[in-house]
Amino acid sequence: MIKSLSEFKQASAQAKENPDGFWSEVASEFQWKAPWKQTLDFDFSNPEVKWFVGGKLNITENCLDRHLATQPNKTAILFEPNDPAEAAQHITYKELHKRVCQTANMLKANGAKKGDRICIYMPMVPELAIAVLACARIGAIHSVVFAGFSATALAARINDASCSMLLTADGGFRGAKTIALKEIADEALVSCSTVNCCLVLQRTQQVVQWNSIDKWWHEELEKVDDNCPAEVMDSEDPLFILYTSGSTGKPKGMVHTCGGYMVYTAYTFKNVFQCQPNDVYWCTADIGWITGHSYIVYGPLVNGATTVMFEGVPSYPAFDRFWEVCAKHKITHFYTAPTAIRALEKHPTSLVEKHDLSSLKVLGSVGEPINAEAWHWYDEHVGKHNCPIVDTWWQTETGGILISSLAGVTPQKPTFATLPMPGVQVVLLNNEGDEIEGEGEGILAIKHPWPSIARTIWGDHERYKNVYFSAYPGYYFAGDGALRDAEGNYRITGRVDDVVIVSGHNLGTAPIENAINEHPEVVESAVVGYPHDIKGNALCTYVIVRDMGVDSSIIEKEIREEVAKTIGPIAKPDRILVVSGLPKTRSGKIMRRILRKLAAGEHDQLGDISTLLNPEIVEEIKRQNS
Ligand code: WTA
């Protein structure tokens, strides 16, 4: 573990000078079944990234078996249910190992084997983490789909990866609501011909419909034992697929592989959070997102930490649930998203003060830029000016944290993610693709691969090359803009493409537009993000309808329903404006920059609009806005 600023500087210098030697040394701390022959195989002109070439391992042996000798009775997963009256569960490393092995045998008994894709659509219960690890145990590739996605979105993801099995639950508890997961899964499976087995966990005990491929989880589990040797995996065998939005309609199935992903998530978890043996670490994300994969499941478990899984939401039963849970379990590390902080900041600080938060040592932020107000509120009311805040910048594609301070070790700076991790060569580019030196603002790019960079987009390597490596040849293009201060600290300014981060969720505008265009009355639509106090960004939709005389409130309602149905409730537009046209260039391209300014109410910052095909439409939208 890096323990001082000088050690950090030394590690960064070593990693820059000799990346292979540096990562090779880091990787040697783990348990391998066969050593690698080459540390990195990569060439920017034909991006096929391979780390630890020829190495053999199983990540679950590093998460579980390795800790059995030293700390079998330490809590691995601490589960806090949605309902505060339900007892929390402390699952030890020994018990977790046993349950993962047994679940792995259940998957095998139902036909799963190495290389198969298994879709997981489950609530935030321990069995979700166990299912993820069980897949990894047998070498099946997990594809977790966030349980807030709709049947259409779920089906698209199952079909894209040709999954042969679906793991789901009867339902899920979320605050005061229950979500009918099995019902949504049933609807999705109607159009998924590759799935031949659906294992259903009982969580809510609600009544469900039963189909020929369905089996109850608890019944299947009883039929198998808990002896399951780990499958031998190559470093570059896929570990999982996780879908993220792109600027075109189709979600991208990012593929992460066993060796590099393990090494990098473990290294960054250890150094960023600086967890000590008796600490209790809580990341509030959902395992349906990359943050949950890397920093609830794999990173903490490889390090032998205690990781908390929370089933509920910050507002249930009241807006102090996070703080109540922190006090109850004496949480030492708390890692959440700016959108949650902003939502909680709106409530009286007495809700925080009434709980004993003295166990907290480190706070973290992830998912979007954290604004100054939220940063200071977090620092003052939660951290009592006593906890370093790590603002961690990274992406589904990067697998692990690329830019962040190390808690209490390297300096923090409000609203800045600060410095890159050792081995991560971040640069700023101008529009021509030239590197900017010193202080400045530009496009964030990375010069050298790190071990957990996504290896491909499932089934579409060309798209992978195009999206990440062709915009600026010789660099990984992240899609974010950033500025850099004189000390080299980075502040992320936001996306530079057609992805909008709403409440920390990555939403592509194109798939939302496609959903809206399905409405029979809609001729054309454009979706843009605009600043929002709590969500960070909200979505504004401009729609052209066939008949301007129709009642727009009905269309608005139907549009929201259509988006919820095709993508999920998280993508529902906040504002819908029915307009007679969209501002376009003479070549017919929608001027999203202008629509963004209009949605943000920045009417006087539109720049020159005289070159538009239809400048009069801008005046019309301005009138509607005011
Ligand atoms: C944004 C989440 C500013 C960014 C781990 C990135 C951030 C996208 C930060 C990836 C941060 C994430 N500061 N922006 N600390 N962390 N982002 O794939 O725009 O869900 O490209 O991964 O979130 O979102 P994703």
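Predicted model: local features only at pLDDT ≥ 70, side-chain atom pairs only at ≥ 80, totals over all residues.
The ligand comes first. Around the ligand stand 17 residues, and those that come nearest are D391, T392, T396, D480 and R495. By class, the shell holds seven nonpolar, six polar and four charged residues. Three elements each supply at least two residues of this shell: the helix α10 (290-302) and the strands β20 (389-392) and β25 (490-495).

An N or O atom in the side chain of D391 is 2.7 Å from a ligand nitrogen. For T392, the atom concerned is a backbone N or O, which lies 2.8 Å from a nitrogen atom of the ligand. E368 also presents a backbone N or O atom, here at 3.3 Å from a ligand nitrogen. The ligand taken alone exposes 530 Å², of which the protein buries 96%.

Strand β25, one of the elements that supply the shell, also belongs to a sheet. This sheet is open and has four strands, in the order β21-β22-β24-β25, with antiparallel pairing. β21 (426-429) and β25 are the edge strands; each has a single partner, so one side of each is left without a neighbour in the sheet. From one strand to the next, the twist averages 45°.

Inside the sheet order, β22 lies next to β24. Residues 440-446 make up β22 and residues 476-484 make up β24, and the two strands pair in the antiparallel sense over six bridges. Within this part of the model, E441 stands opposite L483 of β24. D480, listed among the residues that come nearest to the ligand, has a number that falls in the range of β24 (residues 476-484).

Is T398 buried or exposed? Its relative accessible area is 0%, so T398 is buried. T398 and S452 are 54 residues apart in sequence, yet their C-alpha atoms are 6.0 Å apart in space.

A polar atom of the Q274 side chain lies 3.0 Å from the backbone oxygen of I2.

Notes
Residues numbered from 1 in each chain as written. Heavy atoms only, no water. Near = heavy atom within 4 Å. Polar contact = N/O pair within 3.5 Å; in protein donor to acceptor, adjacent residues only side chain to side chain. Areas by Shrake-Rupley, 256 points an atom, 1.4 Å probe, with all protein chains shown as cover. Nonpolar A, V, L, I, M, F, W, Y, C, P; charged D, E, K, R; others polar. Pairing = 2+ DSSP bridges. Axes fitted to C-alpha atoms, helices over the stretch in contact; angles between N-to-C directions. Buried < 20%, exposed > 50% of the residue type's maximum accessible area, 1.4 Å probe, protein only.
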